[in-house]
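Please look over this model with me. My notes follow, point by point.

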Amino acid sequence: MTAATAAPVTAQGAPVRPPNIILIVADDLGYGDLGCYGNSFVASPRLDRMAAEGTRFTDFVVSWPACTPSRSSILTGRYPQRNGLYDMIRNNEVNWKFQFDEETYAVSPEMTLGLDLREITIGQVMRNAGYATGIIGKWDSGRARRFLPLQRGFDYYYGFANTGIDYYTHERYGIPSMFRGNQRIKEAGHATDLFRREALRFVTANKDRPFFLYLAFNAPHGASTFDKSAAQSPEQYVHVYGPAANPRMAQYAALITQMDETIGALFDLLSRHGLDENTLVIFTSDNGGAGAGKNGPLRGAKAQLFEGGIRVPMIARWPGRIPKGQVSSEFLSTMELFPTFLAAAGASPPAGVTLDGFNMLPVLGGRARSRRTEFFWQRQSDKAARVGRYKWVESKQGGGLFDLSSDLGEKRDLSTERPDALQTLRGRWAAWRKEMDEAEPRGPFRDY
Ligand SMILES: [Ca+2]
């Protein structure tokens with residue numbers, strides 16, 4: 001690791017406090033799930049206001065169409081295939097109603113797998129840069145102590161380490177799963193309300209020094225409980241949608257509205273502490289919508305490599321640094337977050353680590369075009385490549401070659417009309433796959 005670069009100074013030579021950084025990640029929030037992204041049912045006033053006070057991006061993608069690997073790229077700035085976490089950490093037995101007890105859970109994949117300990121996380125580099133670092137909410141990168149956030153660069157942790165819980169019991173299919181630091185705890189309350197309390201607490205406790213907060217909601221992801229009929233949304237937010245609303249849709253939308261209100265409370269707190277101007281806030285989702293989620297005009301949903309699985313909302317706000325009320329169609333991804341946060345903090349990238357993204361601050365600021373021209377995905381046997389306007393998909397749900405500039409819904413397969421483009425995209429995908437195979441191997445899935 002290289003140390004932070006020299007502290008920035010003003011023209012008069014006085015030290016400048018580097019910006020606070022807050023990364024907010026929703027869980028399974030679809031491209032069309034917010035008012036500012038065209039949803040007329042879901043109430044998301046504070047995120048809509050965030051978009052009005054900042055810039056909203058329409059071509060922002062994640063590295064995998066589901067939770068764990070997508071989040072691994074946020075934490076490391078690297079493709080899942082490079083950092084090793086290229087599939088879910090999840091006990092699939094629960095899908096067949098298998099009930100773990102503490103002893104069987106202790107030796108299950110959820111306890112034994114995690115992000116390779118050689119990986120450098122965004123928490124480590126921000127802490128080395130002098131930031132207070134906190135993660136509140138969903139960690140999803142290993143549940144055993146050696147994988148937990150306090151051992152991976154974060155000073156503060158409140159949340160769950162596995163991939164999903166019941167909002168009220170905080171159990172994952174019967175296993176208590178909420179942590180404070182390295183200790184499992186049990187306390188009453190809806191997960192979103194607890195994360196709200198913790199986020200406000202973290203900001204207040206660190207208001208006099210630079211802080212990095214990774215606020216990772218589990219909302220609006222479905223609950224990890226066997227009883228799918230159990231209500232998971234507080235009544236006060238369900239009531240927003242009135243008695244005539246479809247109950248399933250109202251339950252889902254309520255989780256978004258509750259999260260939205262929490263984000264509003266966070267903005268209000270920044271304002272009260274005088275931190276509003278010097279805080280970069282980015283909001284996004286880890287993958288596309290599922291179930292009751294909406295993906296707008298996009299094809300497919302969570303778990304698929306069509307745009308509905310991988311293109312997500314992204315809003316960036318930093319008063320005076322990011323233009324207000326703009327909509328940008330620049331092509332960007334979650335792998336840009338790591339180098340962007342480093343650049344905002346004035347810190348150097350970790351030595352000897354290949355990052356797959358770049359500093360997007362000039363793009364967020366509306367001062368430059370995105371350098372990103374390509375992106376590649378693999379989920380088991382499903383493959384996809386994006387090169388410029390073209391997208392190639394080969395998957396169990398179908399595939400083809402699509403021109404996203406004229407066919408965002410991936411409806412018209414151009415494979416026959418444009419064999420040259422098809423060959424280019426397949427070739428670029430193969431070159432990327434080769435690069436991943438030749439990268440220094442990382443656990444837990446790779447056979448080496
Ligand atoms: Ca997710």
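**Notes on backbone and packing**

1. Pro444 lies in the segment after helix H13 (419–438). Helices here are DSSP runs (H or I) of at least four residues, strands (E) runs of at least two, both numbered from the N terminus. The peptide bond from Gly443 to Pro444 is cis, with omega near 5°.

2. Some ground rules. This is a predicted model: local features need pLDDT of at least 70, side-chain atom pairs count only at pLDDT 80 or more, and totals for chains, interfaces and linings use all residues. Residues are numbered from 1 along each chain as its sequence is written.

3. Another cis bond joins Ala219 and Pro220, with omega about -5°. Pro220 sits in the loop between strand E10 (211–216) and helix H8 (235–238).

4. Most residues other than glycine have a negative phi, and most peptide bonds are trans. Check Lys97, then: its phi is positive, about 70°. Lys97 belongs to the loop between helix H3 (80–83) and helix H4 (102–106). Lys97 is exposed, with 8 other C-beta atoms within 10 Å.

5. Ala303 is in the loop between strand E11 (279–285) and helix H10 (307–310). With 19 C-beta neighbours inside 10 Å, Ala303 is partly exposed.

Definitions and conventions:
Buried ≥ 20, exposed ≤ 12 C-beta atoms within 10 Å, placed from the backbone.
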